[in-house]
Amino acid sequence: MNDILKYSLRFIAVILAQALVLNQIELGQGVQLMIYPLFIFLLPVDTSIIYLLIIAFFLGFGIDIFSNTYGLHTSSLLIFTMLRPTFLRLFSSRDGYDSMLETNIFNMGNFWFIRTFGSLLFMHHLWFFMLEEFKFNDIGYILIKTILSLPLSFLICILVQYLFVNKPSSK
Amino acid sequence: MRNFIAFIRHFRVILLFALLQGIALTWYTTFVQFPRSQYLTTASSIQGSVLSVRNSLTKHFSLSENNKILQAENILLHKTLPHSFIKLENGLTKINDTLHRLQYEYTPAVVINSTYSKANNYITINTGSKQGIKRGMGVFSSEGIVGVIHNVSPHFSVIKSCLTEKLNTAIMLEETGQDGFLAWNGPDARTGLMTGVSNDSKIKEKARIVTRGGAGIFPRGLPVGIVDKYEVIEGESLWNITFKFAVDFRSLQNVYIIKNLLLDEQKKIEALTEGNE
């Protein structure tokens, strides 16, 4: 399938899934499930950071206008995108990345995915809840929200890959 | 000039990041307090219609509970109708009441999107400026107050619910008339805070908290909640009162918007008084 078409469809699907499904799941304690960072993470490794930032901005924007969060998701997604190349470099294998392969859990292996995506998602969640709370004397509360939300978001991101991303055919 | 272009080329990623992040943060910090346009929220017609479709699919999930609430309200209203009263004396004629005049009108609306566990919670309803809704009007359900209209478009509105940091609605203890302000800072959608009550007054547990009126947004005496706990704030002579909300924000479906017919008159005379000082 044409790559641009594939990613455009994914873009719309991610916004709708976040706005119509995940935003409606309220588990209490301020826990929020977020899946959209996965979209940015799965974009090709050699995509220019300039394009990534612009895509991230519009993705966050689309989610924000659906959830009355006024720029909260946009800001945290920009942080996520900005840190992505740094973390990819940090955790890269000896011979770098194959630019043809998508960085999903099947291609890169469980351990790599948990380490890289996990730490990026942690930064994203931390920034998100810090901005949402907007005061530092509630740092404990911010951490609780982050620590409770992070594994659940992560689990959903893995689940989505098992459901919708094509597994590489065994050679 | 060449240096400047080289500088921009060198730092273009950081600059773009700072620019986009700046837009997002400006949007966040300005809109949370004072929304200026409806287009970037769920009050906009596109987002509103998408959420309406979703609501038409999911509204049945809490139908039985909402039916019960509506039924209870119907019974209450039936009690006030003439056919529920027995005629005690024949020959009395009804004349037009000149002592009482209608001050508040209510517009019904259906909740199509709502949150209750975020730091600031908003509710989208399917009624907008075409039905006469304006920013700043109060909203309540049959159980108690819900919030204040925050943002309006022709067919949809966004309510700032009681579950936001600063709603600043005046409330009071029904029995003693001690007044304070409504606040909320917890993750729990069931409990709220009442601030500004001085601790030389006695408070009964399970005392009812109602709206104070006064600002012209809510009529006096709409239920807000029931006192749950109270403790002294350290170093201040104020009570910190925790109460249970009368409304269950987690299953809110039908709300009413309050239109105060005498609000203009009240505003006018208040402005006149301030001008004279």
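Predicted model: local features only at pLDDT ≥ 70, side-chain atom pairs only at ≥ 80, totals over all residues.
**Stop 1: where the chains meet**

Start by showing chain A and chain B in two colours. Select the residues at their boundary: 36 residues of chain B are in contact with 37 residues of chain A. How much area is buried between chain B and chain A? The value is about 3400 Å², and carbon and sulfur atoms give 67% of that area. Now pick out Trp27(B), Tyr28(B) and Lys118(B) and show their side chains. In chain B, these residues lose the most area to chain A, and together they make up 19% of what that side buries.

**Stop 2: the chain B side of the boundary**

Stay with chain B and select helix 2 (12-33), helix 3 (45-58), strand 1 (104-114) and strand 2 (122-125); each supplies at least two residues of the side that touches chain A. Which element gives the largest share? Helix 2 of chain B does, with 15 residues. Colour this side of chain B by class and you will find 20 nonpolar, 12 polar and 4 charged residues. As for links across the boundary, there are 5 residue pairs in polar contact between chain B and chain A, counting pairs with both residues at pLDDT 80 or more.

**Stop 3: two helices in chain A**

The crossing of helix 1 of chain A with helix 3 of chain A is right-handed. Show side chains where they touch: helix 1 brings residues including Phe11(A), Val14(A) and Ile15(A), while helix 3 brings Ile55(A), Phe58(A) and Leu59(A), among others. By class, this contact has 9 nonpolar, 2 polar and no charged residues.

**Stop 4: a salt bridge in chain B**

Over all chains, the whole structure has 9 salt bridges. For one of them, bring chain B back and select Arg208(B) and Glu174(B), whose closest N and O atoms are 2.9 Å apart. Arg208(B) lies in strand 9 and Glu174(B) in the loop between strand 6 and strand 7 of chain B, so the pair ties together parts that are 34 residues apart in sequence.

Note on methods
Residues numbered from 1 in each chain as written. Chains lettered and ligands numbered in written order. Heavy atoms only, no water. Contact = heavy atoms within 4.5 Å. Buried area = accessible area lost by both parts, 1.4 Å probe. Polar contact = N/O pair within 3.5 Å; in protein donor to acceptor, adjacent residues only side chain to side chain. Helix = DSSP H or I, 4+ residues; strand = E, 2+ residues; numbered from the N terminus. Nonpolar A, V, L, I, M, F, W, Y, C, P; charged D, E, K, R; others polar. Left-handed = near helix turned anticlockwise from the far one by under 90°. Salt bridge = Lys/Arg side-chain N within 4 Å of Asp/Glu carboxyl O.
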